[in-house]
Structure formats: structure tokens, C-alpha cells
Amino acid sequence: MVAVNRVYAARLAGLVVLGPDGESIGRVRDVVISISIVRRQPRVLGLVVELLTRRRIFVPILRVTAIEPNAVTLITANVSMRRFAQRPGEVLVLGQVIETRVHVDDPELPQLAGIEVIVVDLGMEQTRTRDWVVTRVAVRPQRRLARRGSIHIVDWQHVQGLTPSGLAMPDQGVAQLLQQFEGQRPIEVADALRELPAKRRYEVAKALDDERLADVLQELPEDDQVDMLRQLETERAADVLEAMEPDDAADLLGTLAPADAELLLRRMDPEDSEDVRRLLSHSPNTAGGLMTSEPVVLAPDTTVAEALARVRDPDLTPALASLVFVVRPPTATPTGRYLGCVHLQRLLREPPASLVSGIVDADLPNLSPEDSMGAVTRYFAAYNLVCGPVVDDENHLLGAVSVDDLLDHLLPDDWRERIEEPELSTAEGAT
């Protein structure tokens with residue numbers, strides 16, 4: 001491969017980052033540049049690299065020895081493993097600059113004079129001192145004026161508006177950011193959002209559909225969840241809460257002032273809000289507060305084939321899919337009389353036409369909604385489970401606790417943000 005000394009930032013997104021020995025370290029997620037109040041050519045400071053462990057770190061551009069069409073190679077294996085945190089004066093090209101509205105005063109492009117154009121990419125070039133600077137800006141007219149192939153390359157000095165105040169203008173587009181998030185898991189999108197300035201986080205949140213935003217919110221730290229929810233209009237916030245898992249919605253509403261939580265509950269669909277209210281009635285540190293009200297619940301006359309079809313639902317977590325619960329009607333929680341459970345492994349060993357009522361495990365002890373987190377932890381350890389039924393005194397199934405919800409409460413509040421390794425080599429950090 002031939003190294004290049006001119007490259008466009010958006011083309012770096014997703015490129016593999018290699019150490020000097022050719023080992024894969026991670027992938028490029030963004031490019032960090034400096035934009036000052038005084039009009040000065042922006043310098044490229046470095047790359048935001050996502051390690052194989054999903055941690056995002058900053059790699060100074062001077063640590064890069066080669067940028068090739070398919071990979072970025074570092075000159076050294078020693079880089080800081082500290083989580084990337086944006087500093088004053090630093091700007092993310094993909095996260096902040098792309099889709100900024102600017103003006104162009106290039107005499108060779110009179111058709112762009114006086115109209116607002118959108119930044120679609122930044123061209124970077126390496127100088128003789130090995131520094132990298134922004135030399136060109138790719139722009140296109142606003143979408144209503146744009147035609148196929150209407151992207152123009154403009155020298156940086158002919159672009160007006162690439163300033164801190166220009167980047168702070170509201171209602172910036174997020175289409176290219178959303179395109180980057182396609183195919184990524186909610187936890188990966190949540191990690192990316194945490195790296196963005198607040199303005200861009202809110203713009204992305206408003207652009208995501210309700211289901212996607214709900215999935216992402218559930219992966220954010222509690223303070224960030226509350227902050228983002230408050231940026232939404234009340235009706236939209238209620239719609240997003242409806243799309244969340246009831247236990248996660250209850251956890252989030254439980255952190256709000258009672259008046260704010262009640263306002264949102266009243267705006268939610270009554271069927272969804274009823275589940276959430278029931279969960280909120282339990283202490284958050286008990287089985288009742290930890291449980292989800294939507295486990296896999298089946299009637300006794302359900303066949304094994306139907307049960308397997310239910311647990312194949314891609315929206316189910318592996319923990320919830322590990323156990324199905326058999327009850328007398330009604331099957332919505334709180335259910336009719338709880339009969340027992342069937343393990344996924346047992347379902348896989350039985351003829352498809354068999355009924356689940358014939359293979360129910362009625363001997364597995366149940367959790368009570370008042371059981372503490374310690375009791376739930378001992379229960380999972382004693383019976384080698386990752387999911388357990390929560391049953392009331394009248395033998396109604398109220399829900400199920402899964403090990404992922406338990407861990408989320410057992411871990412420190414800042415477990416998503418903790419930094420364990422202050423300084424390591426990339427080879428060590430990537431394993």
C-alpha cells in the first residue's frame with residue numbers, strides 16, 4: 001500500500017488502526033481539529049480511535065506514520081488508554097463540522113455566492129514538518145437547491161462560517177452522523193453520543209426514531225438519560241418512554257421529581273403507563289423494582305414449537321429468552337395462577353408438538369417482590385440461573401428479574417465511565 005499525504009476526513013471513518021507490528025488496535029471514529037476564534041488555518045490534532053474493547057481514545061496525529069486507503073498505521077505502540085475527552089478548542093470533524101452551514105466567496109464558483117451551503121467533508125494535507133492541516137472544504141448547496149454531483153471543493157480560505165460560533169448555531173443536520181450509526185448496537189451509539197458536545201447530542205436524539213432512541217437511552221448513564229429526556233418535548237418524551245422496556249422506563253422516571261414523572265406517565269398510553277406505575281410501586285433495590293413486567297409468558301396449551309418461536313424474538317435479551325413462564329390465563333402480568341417455568345434447553349430437547357404444560361418445572365423456588373438484591377444474587381448463584389420469576393403471595397406472576405438488570409444495579413453508578421488503565425501500550429489495551 002502507498003501512504004498518502006492528502007485525505008478527506010470522512011473517508012477515514014471506520015478505517016482499521018494498526019500498530020507498528022501490524023496488529024489491529026481498533027478503528028477510526030473521528031478526526032480532531034483545532035478551530036480558533038481568530039481566523040487561522042485549522043490544524044489536525046489527532047484521531048478518535050475506538051479500541052476492540054469499545055473504549056474511545058485520542059491518538060495524536062504525530063503518532064500516525066502512514067494513512068493508506070485501507071488502514072492507518074501508528075509509529076509507536078505506546079499511546080494513552082485514557083478515554084477520549086474533548087478539550088476547549090478541539091472540534092470533532094464528523095461529530096461537529098459535517099453538515100454545518102457556511103458561505104463561500106470563491107471567485108471561481110460564482111454560483112455559490114450569497115447562498116448557504118452545507119459542509120460535507122474536510123480535506124487534510126500533511127506539511128513538510130509532518131503536521132496535518134485542513135486545506136479544503138467539500139460543500140454542497142442546501143438540499144432543495146442541490147442536484148446529483150453538486151458537491152464543490154473549495155480552498156479553506158474561501159469558506160466563511162467555520163468558527164466556534166458558527167458550529168454553535170442550532171438545527172444542524174445529522175444525516176451523516178446517523179449514517180455512521182447504522183448497524184451499530186445501542187451501546188455503541190450511546191458511547192458515541194457521550195463523546196459529542198451537548199448541542200450535537202440533542203440534535204441526534206431529536207432525529208432518532210422513538211424505538212432507536214429508547215434503546216440508546218437505556219445504555220446511557222442515569223444523569224445523561226435524564227438530561228436527554230428533558231431536551232425532548234413532553235409528548236415525544238412520553239412516546240420514547242413507551243418504547244423503552246417497562247423496568248428501564250420505571251428506573252428513569254424514578255430519578256425525576258414526582259411531579260415531572262407524573263406528567264409523563266399521564267401522557268403515556270394507559271396500558272404502558274400501568275406497567276410502569278406497578279414497577280414504581282416497588283422499592284428499586286428489590287426484586288419487584290428490578291424485574292421486567294414483560295417476560296415470555298405462555299398458556300398451558302402452548303406447543304413447544306410456539307414457545308421456541310417466542311424465544312427467537314430478536315428483541316429479547318439472552319437472559320429473558322432462557323426461561324419461559326407458564327400460567328393460567330390471563331397471560332399479561334400480573335397473570336393468572338403461576339404454574340412453573342420451562343428452560344430453553346428443555347424446549348430444545350422436546351418434540352415440537354408437545355405442550356409446555358407437560359414439561360413445566362414446578363419445583364424451582366420463586367422470588368418475592370420484596371426480596372433484596374442480595375437475595376436475588378444468591379438465588380441466581382444457587383440455582384445457576386440468569387433469569388428468575390417474581391411471584392406474589394397469591395401466586396400471580398408479576399414479572400421476571402434478569403441477570404443483566406441485576407448487574408446494572410450492583411455495579412457502581414459510573415461503571416460506564418470508569419477509567420481503569422491510565423497508560424498502557426496499544427497491544428495491551430486492545431486485548
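**View 1. Strands E15 and E16 run parallel and are joined by 2 bridges.** This is a predicted model, where local features need pLDDT of at least 70 and side-chain atom pairs count only at pLDDT 80 or more, while totals for chains, interfaces and linings use all residues. Residues are numbered from 1 along each chain as its sequence is written, and side-chain values use heavy atoms, with hydrogens and water left out. E16 covers residues 323–327, and its phenylalanine 325 is the bridge partner of valine 297. Strands (E, at least two residues) and helices (H or I, at least four) are DSSP runs, numbered from the N terminus; two strands pair if DSSP finds at least two bridges between them.

**View 2. The loop between E16 and E17 holds proline 330 and proline 334.** Proline 330 is joined to proline 329 by a cis peptide bond, with omega about 5 degrees. Another cis bond links threonine 333 and proline 334, this time with omega about -10 degrees. For context, most peptide bonds are trans.

**View 3. Arginine 54 has a positive phi, near 80 degrees.** You'll find arginine 54 in the loop between strand E4 (43–51) and strand E5 (56–60). Most residues other than glycine have a negative phi.

**View 4. Helices H17 (residues 373–383) and H18 (residues 403–410) pack with their axes 11 Å apart, at an angle of about 135 degrees.** That angle makes H17 oblique to H18 (under 35 degrees is roughly parallel, over 145 roughly antiparallel, 65 to 115 roughly perpendicular, and the rest oblique). Axes are lines fitted to C-alpha atoms, for helices over the stretch in contact, and angles run from 0 to 180 degrees between N-to-C directions. On the H17 side, Met373, Val376, Thr377 and Phe380 make the contact (heavy atoms within 4.5 Å), meeting Val403, Leu406, His409 and Leu410 of H18. These contact residues split into 6 nonpolar, 2 polar and no charged (Ala, Val, Leu, Ile, Met, Phe, Trp, Tyr, Cys and Pro count as nonpolar, Asp, Glu, Lys and Arg as charged, and the others, Gly among them, as polar).
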